Amino acid sequence: RRGNGVVNAHKNEVKTSKIHFVDLAGSERIKKSQTEGKRLQEGISINKGLLTLGNVISALGDPKRQGKGNGHIPYRDSKLTRLLKGSLGGNHKTLMIACVSPSISNKDDSMNTLRY
């Protein structure tokens, strides 16, 4: 054994894995949450990261860009997408967990989260 890898005794292979937990709490609508100061800046940064993540996912799923090597994937546009580059654009499995609310007052935010 070495690090987080598992050695297969029959083939002398080492398999490794990496896991990223990213908490995107605070990505609410700025007007609705009425945040100010440092929390406002944090919300703006999170929303920018989410927008960029959506752009990266769209670019990766665009059939016009696949297999041609000429499609730009905007990984460098945010810290979040730079961090997740390997998990998004390689031979990886990715899971997203979303928190939604059954409250009618949060209907729009919940629907946008599910569409995302």
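1. A residue is called buried when its relative accessible area is under 20%, exposed when it is over 50%, and partly exposed in between. The structure discussed in this note is a predicted model.

2. The protein chain contains four helices and two strands. Read from the N terminus, its elements follow the order β-β-α-α-α-α.

3. Helix H2 covers residues 37-61, that is, 25 residues. The expected span counts 1.5 Å times one less than the number of residues, and for H2 this gives 36 Å; the C-alpha atoms at its ends are 36 Å apart, so the two values agree.

4. Several residues of H2 are buried: Gly-43, Ile-46, Gly-49, Leu-50, Thr-52, Leu-53, Gly-54, Val-56 and Ala-59. Helix H3 (79-89) is included in what covers these buried residues.

5. Across the protein chain, which has 116 residues, buried residues make up 16%. The chain exposes about 10000 Å², and carbon and sulfur atoms supply 52% of that area.

6. Among the contacts in the protein chain with a separation of 6 or more, 36% are between residues 24 or more positions apart.

7. On the surface, Ile-57, Met-96 and Tyr-116 form a nonpolar patch, and together they have about 290 Å² of accessible area. Tyr-116 lies in the segment after helix H4 (107-115). Its relative accessible area is 38%, so Tyr-116 is classed as partly exposed.

Note on methods. Residues are numbered from 1 along each chain as its sequence is written. This is a predicted model: local features need pLDDT of at least 70, side-chain atom pairs count only at pLDDT 80 or more; totals for chains, interfaces and linings use all residues. Side-chain values use heavy atoms; hydrogens and water are left out. Patches are made of residues with over 30% relative accessible area and no salt bridge: like charges are joined within 9 Å, nonpolar side chains (Val, Leu, Ile, Met, Phe, Trp, Tyr) within 5 Å. Accessible areas come from the Shrake-Rupley method with a 1.4 Å probe; for residues, only the protein chains shown count as cover. A salt bridge is a side-chain nitrogen of Lys or Arg within 4 Å of a carboxyl oxygen of Asp or Glu. Buried means under 20% relative accessible area, exposed over 50%, partly exposed in between (1.4 Å probe, protein chains only). Contact means heavy atoms within 4.5 Å.
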